[in-house]
Amino acid sequence: MSIATLDTLRHVCAMCGGSCQGVNVSLSSQEELTQVLAQAEQLGISDPAPKGVLRRVHGRCVFLGDDALCRIHGAWGISAKPKVCQQYPMIATRVGDETRVGLDPGCFHSVKSWQTGPEVPGGSLMVSVSKQPEALLPHEERVMAVLEQAEGIEQALAMLVPGELEGFLGRWIQTLQEVDLADLLADPDTSPSLRVSLGPLAQTMPGWSAIPGPPELSDNARAFALHAAKRMVWLRLCPKIPSPAVVALLSLGGAMACGWTNTDDAAFGQALAGWMRAIRAPAVLGRLLPSPQSLQTLVEG
Ligand code: SF4
């Protein structure tokens with residue numbers, strides 16, 4: 001088995017607690033479940049892992065403290081946390097004989113450290129590896145080649161959609177407006193981190209009556225957006241979307257929308273991370289692309 005990375009992995013944890021919200025943390029073994037039950041008892045937390053998945057309260061992991069820090073980590077150190085929590089934001093995906101390792105672009109502060117942070121060893125602590133089908137490889141290679149060649153978000157989109165980019169962007173804005181992101185974010189089970197990161201987009205979006213023009217983003221933010229789209233495709237982070245091209249379109253389209261709303265690097269990175277998480281959620285996907293026909297209409301007009 002070979003280990004592959006897209007490039008050097010760099011990361012600094014900002015200890016924001018954002019990744020401990022809105023996700024299902026599955027425990028990897030009976031031993032881990034026993035440990036979590038004992039930790040919960042000592043911390044005065046009841047029913048921490050129904051069906052082997054950490055319970056959430058209003059979208060937050062039941063172990064996440066009010067200070068946005070993990071209470072298990074605080075009491076017993078990092079090695080006492082569930083393995084998948086120790087691994088995150090490192091993602092490992094097995095395709096055939098290759099194990100692909102990379103950093104989840106759904107990490108809210110990745111934009112700050114993805115190029116300048118300390119190097120993270122590619123093969124470190126891989127306890128959670130998802131296995132994905134090889135059948136998509138030829139299609140995926142074509143999409144990755146586009147993302148490699150493109151010099152920016154707009155160029156990548158233009159290479160992926162037939163016809164004029166402007167036509168696609170008009171339809172994209174209409175699609176986003178129909179999703180009613182504000183309504184989704186108002187759901188009590190939506191994580192606070194998603195509400196904060198995507199709140200500005202949800203507020204701005206209904207006011208778009210024309211294509212806002214090129215996002216006014218820094219070179220770092222633009223490069224990050226393209227790289228984040230590559231990670232979404234290559235690490236197979238949207239297994240519910242069978243087409244790598246659609247994953248790339250939703251990632252890049254989201255980057256445009258986040259860039260129209262947030263021009264500051266940190267705010268853009270946070271919004272894009274929220275978007276990259278949102279498109280994995282069935283509730284969001286179901287509204288974005290409710291049918292194959294809606295996808296065809298979005299792409300082809
Ligand atoms: S156990 Fe700790 S690190 Fe894992 S999701 Fe919960 S709060 Fe976060």
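The buried residues of helix α12 pack against α4 (110-113), α9 (192-204), α10 (219-234), α11 (244-261) and α13 (282-288), where contact requires that two C-beta atoms, placed from the backbone, lie within 7 Å. This is a predicted model, in which local features need pLDDT of at least 70 and side-chain atom pairs count only at pLDDT 80 or more, while totals for chains, interfaces and linings use all residues. Residues are numbered from 1 along each chain as its sequence is written, and helices (H or I, at least four residues) and strands (E, at least two) are DSSP runs numbered from the N terminus.

Helix α12 covers residues 265-278, and its 14 residues, at 1.5 Å a residue, should span 20 Å, which agrees with the 20 Å between its end C-alpha atoms; the expected span is 1.5 Å times one less than the number of residues. Eleven of these 14 residues are buried, so α12 is largely enclosed by the rest of the structure. A residue counts as buried if 20 or more other C-beta atoms, placed from the backbone, lie within 10 Å of its own, as exposed if 12 or fewer do, and as partly exposed in between. Among the buried residues of α12 are F268, L272, W275 and R277.

Two packed helices are described by the angle between their axes and the distance between the axes. For α11 and α12, the axes come within 9 Å and cross at roughly 145°, the axes being lines fitted to C-alpha atoms over the stretch in contact and the angle running from 0 to 180 degrees between N-to-C directions. On the α11 side, S251, G254, A255, C258, G259 and T261 meet F268, A271, L272, W275 and M276 of α12. The residues of this contact divide into seven nonpolar, four polar and no charged, with Ala, Val, Leu, Ile, Met, Phe, Trp, Tyr, Cys and Pro taken as nonpolar, Asp, Glu, Lys and Arg as charged, and the others, Gly among them, as polar.

Around the ligand stand C20, V25, L54, C61, F63, L64, C70, I72, H73, K81, P82 and C85, each with its C-beta atom, placed from the backbone, within 6 Å of the ligand. This shell has ten nonpolar residues, one polar and one charged.

Two single residues complete the tour. M90 lies in strand β4 (residues 90-95) and is buried, because 23 other C-beta atoms lie within 10 Å. P162, in the loop between α6 (153-160) and α7 (165-179), is exposed, because 9 other C-beta atoms lie within 10 Å.
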